[in-house]
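Work through the two exercises below with the model open beside you, and try each task before reading its solution.

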Amino acid sequence: MYNYPKKISTLAFLKYLSSPKMNILSFMDNNLKELGDTFCLQFPFNQDKFIVSKNPELAEYILKKNQINYNKSYLSSEGMGLYLGNSINLRNGEDWKRQRKLMQPAFTKKSIAELVDLMTEEIYSFMKTVPLNVEVDIYDLMHQLVFKIILRSLFGTDYNAQELDSINKLIIDAQEMCSKEIQHPYLKWWYILSKKRGRTLNNIEKIRKIINEIIQKRLNSNEQKGDILSILMNAKYEDDGKNMSREDLINEVLFLIIAGHETTANAMSWSISLLSHDKEEREKLIKECEDLGNKKLDWEYLIKPSHTSNVINESMRLYPPIWILDRAAVKEDFFGEFSWKSNTTFILYVYGMQHDDKFWESPHDFMPDRFNDPESKRKPFYPFGGGPRMCIGNHFSLVEMNLILRILYHDYEVELTHELPLADPIITLRPNKVLGKFIKKKKK
Ligand code: HEM
């Protein structure tokens with residue numbers, strides 16, 4: 001009765017799952033090459049069908065035109081919901097709309113402009129701690145840096161170094177566990193029996209306790225600060241005039257910490273890696289950074305089109321930190337020749353769309369200037385998703401990434417000590433290895 005796209009054989013899928021070298025990107029690309037831009041997938045022992053697509057028109061339909069019929073799928077809620085509780089990212093329908101309206105003021109241009117000085121300060125003071133002229137793990141450093149930036153932006157100075165360190169470690173563990181639950185759902189029984197799940201839930205409880213203490217401290221002091229926590233604590237729902245409950249506030253803060261740092265650390269590590277392997281593009285970027293001299297970087301300047309922004313966009317086109325978007329149909333629906341029943345899960349393959357030579361010339365090459373062409377705005381490019389659920393922190397992270405690159409390439413030479421990393425697609429698209437050196441430039 002429903003006309004699903006061509007299904008890949010369960011045997012082929014099982015073979016992929018059992019292969020020690022399973023690489024989900026080549027699995028997707030190979031199937032799409034063979035079956036067209038959309039195919040159907042069914043997990044063994046499960047009746048639910050998945051539609052995988054790199055058709056940008058279908059993506060527009062699901063994310064924008066008929067977004068009302070598409071919720072976040074259980075792929076998000078199973079892993080993240082279990083560990084992180086109910087946050088904006090997992091809410092749907094009216095409940096999501098109400099929450100998004102409440103949280104939006106924390107991410108307006110005005111709110112982010114207020115955070116620019118604090119971000120700048122954090123980057124300079126972090127770079128003072130980085131060992132120079134020796135090989136360091138740049139991915140790890142970017143992780144630590146953006147983690148500090150998101151915590152400062154959320155809590156101002158209301159946390160201490162010890163709290164920061166313990167939250168960081170616990171979060172890394174929780175993220176690893178979320179990834180495993182999403183990647184290997186058939187091992188659920190093992191995670192429960194081996195107490196891995198229980199241990200992670202205990203760790204999350206510890207983070208929640210720290211967040212709760214920071215909130216309580218803020219309430220007791222009655223201080224108003226310009227950070228995200230203050231805005232969220234003061235925000236009131238339009239319908240009943242109430243604030244978020246304490247539990248919801250903790251869930252949202254926890255999700256913002258998670259959403260705001262791994263994605264950004266990936267994008268920065270990819271940008272640095274790509275620049276290290278392209279002298280011409282690197283020199284263009286260095287010139288832009290140096291031409292600015294020691295002028296203070298403010299919001300107005302950071303959001304202007306620039307070569308730095310082009311580098312960031314091009315890095316996220318080649319290596320989108322979130323490489324698939326998931327949705328589930330609320331009611332049955334159709335698009336073009338295909339139709340599907342309610343609850344069908346969609347995997348919109350962002351990585352595939354952003355590498356499709358039907359839309360992007362030389363799609364595997366690093367060519368930041370392609371974003372100078374106004375046509376690029378009409379091409380499939382979804383690093384922050386699309387439609388009303390588009391990333392709430394997109395301006396925040398663009399400003400943050402612009403600042404990081406501009407400060408790094410103004411003050412340091414950044415060198416990778418090996419070949420371009422390989423993409424490691426877990427929940428986000430991580431580079432497998434980013435080792436390199438920072439060398440302080442001599443003052444001119
Ligand atoms: C390079 C950095 C980032 C990337 C690539 C990124 C990407 C994304 C994407 C693709 C989505 C949409 C998911 C979907 O439609 O299913 C999303 C949602 C979201 N992001 Fe980001 N993000 C980044 C940084 C941030 C930052 C810095 C924050 C907050 C401080 C943030 C907070 C959120 C939130 C709250 C949502 C859920 C929005 C909703 O459901 O209404 N993100 N992000």
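Two strands are taken to pair if DSSP finds at least two bridges between them. The model is a predicted one.

**Exercise 1.** Determine the strand order of the open sheet of three strands, and say which are its edge strands.

Solution. Step one is the order, which reads E4-E12-E9 with antiparallel pairing. Step two is to find the strands that pair on one side only, and these edge strands are E4 (136-137) and E9 (412-416). Step three turns to the pairing of E9 with E12 (residues 435-440), where the two strands run antiparallel and are joined by five bridges; Glu415 stands opposite Lys437 in E12. Finally, helix H13 (residues 246-276) lies across E9 and E12, and runs at about 85 degrees to E9.

**Exercise 2.** Describe how helices H7 and H18 cross, and which residues make the contact.

Solution. Begin with the axes: those of H7 (residues 116-127) and H18 (residues 394-411) come within 10 Å and cross at roughly 40 degrees. Angles under 35 degrees count as roughly parallel and those from 65 to 115 as roughly perpendicular, and H7 and H18 are therefore oblique to each other. The handedness comes next, and H7 passes H18 in a right-handed crossing. On the H7 side the contact is made by Val116, Met119, Thr120, Ile123 and Tyr124, while H18 contributes Val399, Glu400, Leu403, Ile404 and Ile407.

Methods: Residues are numbered from 1 along each chain as its sequence is written. This is a predicted model: local features need pLDDT of at least 70, side-chain atom pairs count only at pLDDT 80 or more; totals for chains, interfaces and linings use all residues. Axes are lines fitted to C-alpha atoms, for helices over the stretch in contact, and angles run from 0 to 180 degrees between N-to-C directions. Helices (H or I, at least four residues) and strands (E, at least two) are DSSP runs, numbered from the N terminus. Angles under 35 degrees count as roughly parallel, over 145 as roughly antiparallel, 65 to 115 as roughly perpendicular and the rest as oblique. A crossing is left-handed if the near helix is turned anticlockwise from the far one by less than a right angle, and right-handed if clockwise. Two residues are in contact if their C-beta atoms, placed from the backbone, lie within 7 Å.
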